[in-house]
Amino acid sequence: MGRQTRPAAWAASMFGTELATALMTSIPAAIHAAVRRQMDGHDVVGLSSRHAFGGGWPARYEELATHLGEIPDAHVVRPFGKSYHVVLVNNVVILPVEYAKDLATAYDSPQALRKINKTTLELARQFGPEPSHTQPVLDGFDLGSDVIDTAPDLLRGIQPTGIVIVYYAAHERQGLLNIGWGQVSVSTDATAQWVTAQPLPLPSATPIPGLRVVTSVRAETPTHRFDQAEMGAPLVKPRTAAERAGLIPPGNQPDQQRGDVQD
């Protein structure tokens with residue numbers, strides 16, 4: 001980052017200003033690495049569809065665990081019944097969500113919110129912010145407690161103090177398009193709503209081997225073309241009276257100095 005972006009107040013509160021600032025660089029780097037792996041898989045398989053790109057979704061969890069796992073107080077855990085691992089930093093779970101494959105879709109649109117998987121929704125419901133509106137409960141029914149009592153222990157006894165979702169858009173050819181982080185509240189009927197959000201800086205593009213970027217233009221010997229040759233001034237010689245009468249063929253008249261032609 002040329003000019004370092006300061007973390008939002010909610011992020012500084014959850015992680016501390018110094019750690020939150022570092023995460024604003026390391027998290028995009030992790031997601032960028034994951035997207036690159038998915039792009040490589042897409043290229044190797046050679047399908048015209050996005051099956052290979054989408055099938056590489058576990059890379060996002062692996063790269064977050066790799067990039068953040070060495071941070072002091074970081075902890076990696078495999079959610080109950082899942083094949084992937086999630087990382088906790090300062091006892092906050094960081095969960096990635098690819099919400100779109102274009103920039104036309106807003107991260108907070110209904111279409112994007114539907115991309116949040118069930119495990120992330122459940123963790124956000126249990127450990128995220130309380131929803132601003134709760135569904136009214138009829139007398140004699142306590143739907144909320146029923147849901148909580150039957151919720152699985154996804155984090156195997158760990159009780160995080162918060163959930164942060166990393167939302168991003170990525171394309172199989174164009175790579176990482178947009179990224180940010182924030183918090184969502186989830187109601188008992190699994191309706192998600194963003195409570196806080198902050199854009200994150202995109203990592204610099206990885207140099208392509210063999211690609212040379214020209215930063216200055218050198219003066220080189222020009223290549224001459226036939227249509228770039230210097231054109232001389234045309235010589236205008238009006239026909240004499242004898243030529244017009246057909247007595248002297250054109251161009252065979254005697255040499256003579258004419259005052260109406262410039263040397």
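Visitor: Are R125 and E122 buried or exposed?

Guide: Both R125 and E122 are buried, where buried means under 20% relative accessible area, exposed over 50%, and partly exposed in between, with a 1.4 Å probe and protein chains only. This is a predicted model, in which local features need pLDDT of at least 70 and side-chain atom pairs count only at pLDDT 80 or more, while totals for chains, interfaces and linings use all residues. Residues are numbered from 1 along each chain as its sequence is written, and side-chain values use heavy atoms, with hydrogens and water left out.

Visitor: What do R125 and E122 form?

Guide: R125 and E122 form a salt bridge, with the closest N and O atoms 2.9 Å apart; the term stands for a side-chain nitrogen of Lys or Arg within 4 Å of a carboxyl oxygen of Asp or Glu. Both residues lie in helix α6 (residues 118–127), 3 residues apart, which is about one turn of the helix. Helices (H or I, at least four residues) and strands (E, at least two) are DSSP runs, numbered from the N terminus.

Visitor: How many salt bridges does the count come to?

Guide: The count comes to 5 salt bridges.

Visitor: OK, and which residue forms a salt bridge with R60?

Guide: The partner of R60 is E98, and their closest N and O atoms are 4.0 Å apart. This pair links distant parts of the chain, since R60 is in helix α4 and E98 in strand β3 (residues 92–100), 38 residues apart. R60 counts as buried at 12% relative accessibility, and E98 counts as buried at 10%.
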